[in-house]
Amino acid sequence: MEITIFLDYTMKRLTTLICLALVAISTFADTKVIEKSAKKAPEWLYSATDGFIVVTVEASNLGDAQQRALQLVTERIILSVATSVSVSQDNEISSVSTDGSVAEKESFKQVSRMKSANLPFLKGISSSKIKEIYWIKLQDKATKAEHYEYSVKYPYSKTEQLQLVDEFERLDASKDQEYETLKNKLDNIESIEEIKQGILQLNSLKEYFFDNVRLSQVNALTEQYKALYNAITLSGKLSEAGKYEIQMLLNGKPVKVATVPMVTSNCASQIKVVPSGKKFIVTYDAIDCLGDEENFINVQFRINGKRIESKFYFQVDNE
């Protein structure tokens, strides 16, 4: 993964500061400062600071301001580590013509689809790590409405970034490998329990994958795994009088199943079921069964909340 954030961070920061200064000139023409956290604004607010992330947000109260600032810091760190992370940006631009000149007003709203549980390194981001805070309370001169401009200086060195990149790349590669393993396993299921386990693993991957491509792939594979439950059938072979060998098949191939079936009969008694590899050996006593009737054992499994059953017939000679 090519890392460029620290190479062009200074230029971006300077551009941002210029924009902030222009906005501030316009803002202070319509508002007045009624309170601030320090008499003088800190130097880091207006200059690029190596080893730190500086963000400024607006909010109606200090609690919301701190939360928004930490969220913005989190997004900056995510974008510096995982350049493919899915972050949606919604820009609304309105233009107003006044005396032949056009004044553009841009409202920028950034909504991130990240989840801290998906990217473990984000759990270390905390308000307790904020190095410095500066805020001012502004009042609109016309409406008297008040709001805060809240700025934070958050430590984030290039060394830390490179460490997080390494952790992320290893984690991301392991998730890709897990998906490929499950994909290859789809046609080589050896036990019914592997279907459930595969779905659970895919659900976990779904919570991790943050890009639409892999998320779509996981959803499709999950549906394929779920469809396997509809491909389950039962087969039975009468090996000798009073003894049936029962197998569960998945797409026609024998598979193991941990669940012991419930076996009943319309006439047989003393029914016993013994697991034997991928088979179940069912023995019974047909002494009460009649030769001129349809005699059968009914084998029933409960798999994934669904009943799977089949009748297996046998003949008796009462003469």
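Reader: How many aromatic pairs does the count come to in this model?

Author: The model is a predicted one, and ring pairs are taken here as those whose centres lie within 6.5 Å. One of them joins Tyr244 and Phe312, whose ring centres are 5.7 Å apart. By this rule the number of aromatic pairs is six.

Reader: Which class does the pair of Tyr244 and Phe312 fall into, and which strands does the pair tie together?

Author: The planes of Tyr244 and Phe312 make an angle of 45°, and planes under 30 degrees apart count as stacked, over 60 as edge-to-face and the rest as tilted, so this pair is tilted. Both Tyr244 and Phe312 are buried. Because Tyr244 belongs to strand S8 (residues 243-250) and Phe312 to strand S14 (residues 306-314), the pair links parts that are 68 residues apart in sequence, and the strands asked for are S8 and S14.

Reader: How many residues apart in sequence are the parts that Tyr284 and Phe314 tie together?

Author: Tyr284 and Phe314 form a tilted aromatic pair, with 4.7 Å from centre to centre and 35° between the planes. Tyr284 and Phe314 are both buried. Since Tyr284 sits in strand S12 (residues 279-285) while Phe314 sits in strand S14, the pair ties together parts whose separation in sequence is 30 residues.

Reader: Over which rings do Lys175 and Lys311 lie?

Author: For Lys175, the charged end is 5.6 Å from the centre of the ring over which it sits, and that ring belongs to Tyr208. For Lys311, the distance to the ring centre is 4.5 Å, and the face over which this lysine lies is that of Phe296.

Reader: Are helices H3 and H5 roughly parallel or roughly antiparallel?

Author: The axes of helix H3 (residues 158-185) and helix H5 (residues 212-227) come within 11 Å, with a crossing angle of roughly 30°. The crossing is left-handed, and the contact is made by residues including Asp172, Tyr179 and Leu182 of H3 together with Arg214, Val218 and Tyr225 of H5. Because angles under 35 degrees count as roughly parallel, the relation of H3 to H5 is roughly parallel.

Reader: How does helix H4 run relative to H5, roughly parallel or roughly antiparallel?

Author: Helix H4 (residues 193-208) packs against H5 at an angle of about 165°, the two axes being 9 Å apart. The crossing of H4 and H5 is left-handed, and among the residues that make the contact are Ile195, Ile199 and Leu202 of H4 and Leu215, Val218 and Thr222 of H5. Since angles over 145 degrees count as roughly antiparallel, H4 is to H5 roughly antiparallel.

Reader: Is Trp44 buried or exposed?

Author: Trp44 is found in the loop between strand S1 (31-36) and strand S2 (52-59). In sequence, Trp44 and Lys153 are 109 residues apart, yet their C-alpha atoms are 7.6 Å apart in space. Because its relative accessible area is 6%, and buried means under 20%, Trp44 is buried.

Reader: Which residues does Ser269 touch, leaving aside those up to four places away in sequence?

Author: Ser269 lies in strand S11 (residues 269-276) and is partly exposed, with a relative accessible area of 23%. The C-alpha atoms of Ser269 and Ile297 are separated by 10.0 Å, at 28 residues apart along the chain. With residues up to four places away not counted, Ser269 touches Tyr284, Asp285 and Asp288.

Reader: In which loop does Asn304 lie, and is Asn304 buried or exposed?

Author: Asn304 has a positive phi of about 55° although this residue is not a glycine. The loop that holds Asn304 runs between strand S13 (295-303) and S14. At a relative accessibility of 56%, where the cut-off for exposed is over 50%, Asn304 counts as exposed.

Reader: What share of the residues in the chain is buried?

Author: The chain has five helices and 14 strands. Among contacts with a separation of 6 or more, 61% join residues 24 or more positions apart. Of the 319 residues in the chain, the buried ones make up 35%.

Conventions:
Residues numbered from 1 in each chain as written. Predicted model: local features only at pLDDT ≥ 70, side-chain atom pairs only at ≥ 80, totals over all residues. Heavy atoms only, no water. Helix = DSSP H or I, 4+ residues; strand = E, 2+ residues; numbered from the N terminus. Buried < 20%, exposed > 50% of the residue type's maximum accessible area, 1.4 Å probe, protein only. Lys NZ or Arg CZ within 6 Å of the ring centre and 35° of its normal. Axes fitted to C-alpha atoms, helices over the stretch in contact; angles between N-to-C directions. Parallel < 35°, antiparallel > 145°, perpendicular 65-115°, else oblique. Left-handed = near helix turned anticlockwise from the far one by under 90°. Contact = heavy atoms within 4.5 Å.
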